[in-house]
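I opened the model to look up a few local features and to note them in order. The entries below record what I checked.

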Amino acid sequence: MSIREKLKIGSAVLKEINDFLLSPDNPLINRLLDIISKYGTPPEINAKAREAKKLPNLFLRLKELNSPYLKDLEWLQEQKEKGSFISIPTYRRKILG
């Protein structure tokens, strides 16, 4: 028997695993399902995380927290929108020639 063949999971063992996972009396899986129902499936959680990290949502959270950094970040955003900053390659050409 090759090493690869030793990795095979027999159908009896797979049945035991499935029985364990699907049992309504399994407290581990029941708790996991409670968490999933509370926070959502992994794709739902990831979608919420993508939404939460969008800049307007981050600014909103900082505002709700009454963050002292909010005004500075708003100023930086205004400067960016006005085109006050140059790119690093442009900066290098300007400094180094």
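**Conventions.** I worked from a predicted model, in which local features need pLDDT of at least 70, side-chain atom pairs count only at pLDDT 80 or more, and totals for chains, interfaces and linings use all residues. Residues are numbered from 1 along each chain as its sequence is written, and side-chain values use heavy atoms, with hydrogens and water left out.

**Asn26.** I located Asn26 in the loop between helix 1 (11–22) and helix 2 (27–39); helices are DSSP runs of H or I with at least four residues, numbered from the N terminus. Asn26 has 5% relative accessibility and is therefore buried (buried is under 20% relative accessible area, exposed over 50%, partly exposed in between, with a 1.4 Å probe and protein chains only). I found a polar atom of the Asn26 side chain 2.9 Å from the backbone nitrogen of Leu28. For the backbone nitrogen of Ile29, the distance to a polar atom of that Asn26 side chain is 3.1 Å. Leaving aside residues up to four places away in sequence, Asn26 touches Phe20 and Leu21 (contact means heavy atoms within 4.5 Å).

**Salt bridges.** I applied the rule of a Lys or Arg side-chain nitrogen within 4 Å of a carboxyl oxygen of Asp or Glu, and the count came to two. Lys15 pairs with Asp19, with the closest N and O atoms 2.8 Å apart. Lys15 is exposed at 52%, whereas Asp19 is partly exposed at 41%. The other entry is Glu51 with Lys54, at 3.1 Å between the closest N and O atoms. Glu51 is partly exposed at 40%, and Lys54 is partly exposed at 44%.

Which phi value does Asn66 take? I read a positive phi near 55° for Asn66, a residue other than glycine. Most residues other than glycine have a negative phi. Asn66 sits in the loop between helix 4 (55–64) and helix 5 (70–82) and is exposed, with a relative accessible area of 67%.

Key: Helix = DSSP H or I, 4+ residues; strand = E, 2+ residues; numbered from the N terminus. Polar contact = N/O pair within 3.5 Å; in protein donor to acceptor, adjacent residues only side chain to side chain.
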